[in-house]
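Open the model in your viewer and keep the sequence panel beside it. The stops below go from the whole chain to single residues.

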Amino acid sequence: TDAVAGFGVGARIEAFSLMIVFALSSTLPMFIGQNLGAEKPHRVWQALTVSFRFVLGLQFAIYLLLVVSAPAIAALFSDEQAVQDTIITFLWIVPLSHGLSGIVVLINVSMNVLGRPALALYINLARLFLIYLPLAYLGSLALGLEGLFLGIALGNCVTYLLAELLLNRTLRELRIYQQPELAASSNMASP
């Protein structure tokens with residue numbers, strides 16, 4: 001009961017800490033679509049790069065804030081030490097992977113506007129059923145509650161690697177490069 005209560009609090013704080021990422025995920029697709037329509041694919045690359053860096057920096061700053069304030073946050077939510085310990089453990093482990101998790105959110109919405117909604121679906125399904133749940137389960141078997149949280153964090157990292165791989169493949173297929181000259185020369189070389 002204590003672990004479930006602590007996990008519930010941690011999950012709510014997790015959702016709150018990702019609010020800016022969700023806001024960005026509703027504007028990034030419009031920017032990508034506008035620049036694809038204007039035939040400026042290098043700006044798509046720039047938007048993705050800047051967004052990813054912003055999310056990593058923001059989420060790392062939030063992580064540092066959560067690490068420092070975890071005991072105070074835990075005390076706000078419960079008087080029971082076991083629940084507080086669970087909240088603190090959650091906040092010290094899981095949010096460290098939120099930067100990568102935020103990038104996965106942005107990759108998913110980008111895949112939709114890049115014309116690859118099936119890839120976004122595959123990423124989400126793989127994340128939940130093939131990565132997140134198995135790693136969390138194995139972590140809990142190996143190390144208990146801390147292992148569960150480590151499995152969740154590792155699941156976010158592995159999902160990021162998969163999403164980044166699929167995004168890079170998609171960008172190459174669509175000839176979206178960092179430099180405008182590369183996009184122009186590849187378009188001229190294509191039949």
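In what order do the elements of the protein run from the N terminus on? The order is α-α-α-α-α-α-α, with seven helices and zero strands in the protein. Helices here are DSSP runs of H or I with at least four residues, strands are runs of E with at least two, and both are numbered from the N terminus.

This is a predicted model, in which local features need pLDDT of at least 70, side-chain atom pairs count only at pLDDT 80 or more, and totals for chains, interfaces and linings use all residues. Residues are numbered from 1 along each chain as its sequence is written, and side-chain values use heavy atoms, without hydrogens and water.

Show the whole chain. Its C-alpha atoms fill a box of roughly 65 × 30 × 20 Å along the principal axes.

Select H5 (residues 98–113) and H6. Their axes come within 8 Å and cross at roughly 30°, so H5 is roughly parallel to H6 (angles under 35 degrees). The axes are lines fitted to C-alpha atoms over the stretch in contact, and angles run from 0 to 180 degrees between N-to-C directions.

Next, select Leu125, in helix H6 (residues 117–173). Leu125 is partly exposed, at a relative accessible area of 40%; the term covers values between buried (under 20%) and exposed (over 50%), with a 1.4 Å probe and protein chains only.

Last, select Gln46 in helix H3 (residues 41–77). Gln46 is also partly exposed, at 40%.

Methods. Parallel < 35°, antiparallel > 145°, perpendicular 65-115°, else oblique.
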